[in-house]
Amino acid sequence: MSAHAASDEAMLIAGIARGREQDLAEFYRRYQGRVYAFLLRRMGDAADAAETANEVMLEVWRSAARFEGRSRPLTWVLGIAQHKALDRARRAASRPQRAETDPDTLADDSLGAVDLIARAQDAERLRHCIEGLPEAQRAVVHLAFYEDLGYGEIAAILECPEGTVKTRMFHARRGLKRCLGGTGEDEASA
Amino acid sequence: MNAAAHPDELLPWYANRSLGEAEHAAVEAHLRGCERCRAEVEFLAALREQVQRAPAVRMDEVGLQRLLRQVRREQARPRRRLALAAAAAVVIVVQAALIGWLATREPVFEPLGGPAPAGVVLQLRFEPSATEANIRALLEAQHAVVIDGPSALGIYRVRLQGLRADDAGAVSKALADFRAARGIVAEAERQ
């Protein structure tokens with residue numbers, strides 16, 4: 001985003017802080033889809049993601065006055081989304097969770113680079129493999145490849161050290177390769 | 001960067017073009033001589049391309065309208081608080097007159113902070129427009145004595161004399177009578 005666009009969006013947030021509903025509506029139009037996409041990738045459930053995205057936008061309304069402009073609006077709003085997703089996960093902690101793939105337990109079929117690339121281009125297979133990753137790794141993959149964010153911004157959103165972001169990405173890549181290199185029967189739950 | 005070491009952990013961010021200038025240049029220099037890392041970048045680029053092909057999320061207009069309704073409700077809250085504060089201020093004026101009246105009628109007013117009151121206790125909030133005479137008449141008609149209040153929100157506690165706590169029918173009727181006193185009682189609840 002250009003500095004000009006970032007400044008426009010900072011003004012939008014300032015408008016929200018002053019209680020201007022039309023600025024909130026504009027912010028919603030710009031970001032709701034990206035917030036929802038992040039939450040859906042992270043949470044894996046469309047209804048939970050939609051409900052949490054609504055909570056995020058309500059929080060934007062409540063806390064716009066605290067936006068200091070030190071980060072991009074996207075980083076700020078995805079940081080709120082991260083918090084809301086964690087809150088919801090804590091609330092649901094007593095409910096049974098979907099089994100996640102532990103990359104270390106997956107068989108490594110040692111496919112060659114060309115085959116791996118071909119399989120990464122198989123959208124359905126890749127989606128299945130991404131869904132099998134642990135939630136924290138899915139978030140990093142999404143922020144890096146859907147939002148094209150740098151590791152520093154991802155660390156700011158997830159409130160973790162940059163090294164942790166890199167480590168999660170490392171494990172995600174390994175998990176994806178193993179899943180893509182599998183038989184396709186049910187690698188994600190192996 | 002050590003030319004012999006693979007810049008493995010930076011490759012995803014090389015693939016999404018988010019590296020800073022120095023790191024980008026270092027990775028690029030490494031890639032020129034490393035087939036393994038070039039293949040990895042190709043894999044990551046394919047991964048990125050597929051992730052970005054996820055169907056775009058359509059603007060949820062219904063969700064926006066729901067959000068705006070929630071926001072309006074939140075905006076109304078501070079005004080309601082102000083209204084309550086204004087009501088409390090009026091109630092305090094009424095209370096001054098009420099206490100003057102209570103002081104002449106032993107034992108209708110009981111000191112605050114005493115033991116928990118026995119019998120049926122109601123919480124009442126009076127309308128800002130209610131006069132001391134109206135409130136007094138209502139309490140007398142209902143055989144109610146003020147035992148506490150007003151709180152910061154203008155809530156009084158009153159005890160219904162001659163009513164047993166287990167007489168649910170009589171208590172419900174008394175509550176209904178207080179609630180029906182329009183222009184005098186804003187809220188009435190059993191404690």
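These are a colleague's notes on a predicted two-chain model, point by point.

1. Ground rules. Because the model is predicted, local features need pLDDT of at least 70 and side-chain atom pairs count only at pLDDT 80 or more, while totals for chains, interfaces and linings use all residues. Residues are numbered from 1 along each chain as its sequence is written, chains are lettered from A and ligands numbered from 1 in the order in which they are written, and side-chain values use heavy atoms, with hydrogens and water left out.

2. Chain A in outline. Chain A has nine helices and zero strands (helices are DSSP runs of H or I with at least four residues, strands are runs of E with at least two, and both are numbered from the N terminus). Buried residues account for 50% of its 190 residues; buried means under 20% relative accessible area, exposed means over 50%, and partly exposed is in between, using a 1.4 Å probe and protein chains only. Of the contacts in chain A between residues at least 6 apart in sequence, 71% join residues at least 24 apart, where a contact means heavy atoms within 4.5 Å. The chain exposes about 8,800 Å², with 49% of that supplied by carbon and sulfur atoms; the areas come from the Shrake-Rupley method with a 1.4 Å probe, and for residues only the protein chains shown count as cover.

3. Chain B in outline. Here you get six helices and four strands, running α-α-α-α-β-α-β-β-α-β from the N terminus on. Of its 191 residues, 37% count as buried. In chain B, 68% of the contacts with a separation of 6 or more are between residues 24 or more positions apart.

4. Helix α6 of chain A. This helix covers residues 123–131, and A:Arg125, A:Leu126, A:Cys129 and A:Ile130 in it are buried. Looking down the axis of α6(A), the buried residues fall within an arc of 135°, so they line one face of the helix; the arc is taken from the directions from the helix axis to the C-beta atoms.

5. How α7 meets α9 in chain A. Two packed helices are described by the angle between their axes and the distance between the axes. For α7 (residues 135–145) and α9 (residues 162–180) of chain A, the axes come within 9 Å and cross at roughly 100°. Axes here are lines fitted to C-alpha atoms, for helices over the stretch in contact, and angles run from 0 to 180 degrees between N-to-C directions. That makes α7(A) and α9(A) roughly perpendicular to each other (under 35 degrees is roughly parallel, over 145 roughly antiparallel, 65 to 115 roughly perpendicular, and the rest oblique). On the α7(A) side, the contact uses A:Ala136, A:Gln137, A:Val140, A:Val141, A:Ala144 and A:Phe145, and α9(A) brings A:Val165, A:Arg168, A:Met169, A:His171 and A:Ala172. By class, that is eight nonpolar, two polar and one charged residues; Ala, Val, Leu, Ile, Met, Phe, Trp, Tyr, Cys and Pro count as nonpolar, Asp, Glu, Lys and Arg as charged, and the others, Gly among them, as polar.

6. A:Gln82. You'll find A:Gln82 in helix α4 (residues 73–91) of chain A. A:Gln82 is buried, at a relative accessible area of 7%. Leaving out residues up to four places away in sequence, A:Gln82 touches A:Phe38, A:Arg42, A:Ile157 and A:Leu158.

7. A:Asn54 sits in helix α3 (residues 46–63) of chain A and counts as buried at 7% relative accessibility. Not counting residues up to four places away in sequence, A:Asn54 touches B:Gly63, B:Arg66, B:Leu67 and B:Gln70. B:Asn16 is in the loop between α1 (11–15) and α2 (21–32) of chain B, and it is buried too, with a relative accessible area of 3%. Aside from neighbours within four places in sequence, B:Asn16 is in contact with A:Ala144, A:Asp148, A:Leu149 and B:Arg48. Note that A:Ala144 also takes part in the contact of α7(A) with α9(A).

8. Positive phi values. A:Glu159 has phi near 55°, positive in a residue other than glycine. A:Glu159 lies in the loop between α8 (151–158) and α9 of chain A and is exposed, with a relative accessible area of 58%. B:His143 also has a positive phi of about 55° without being a glycine, and is found in the loop between α5 (132–141) and β2 (144–148) of chain B.
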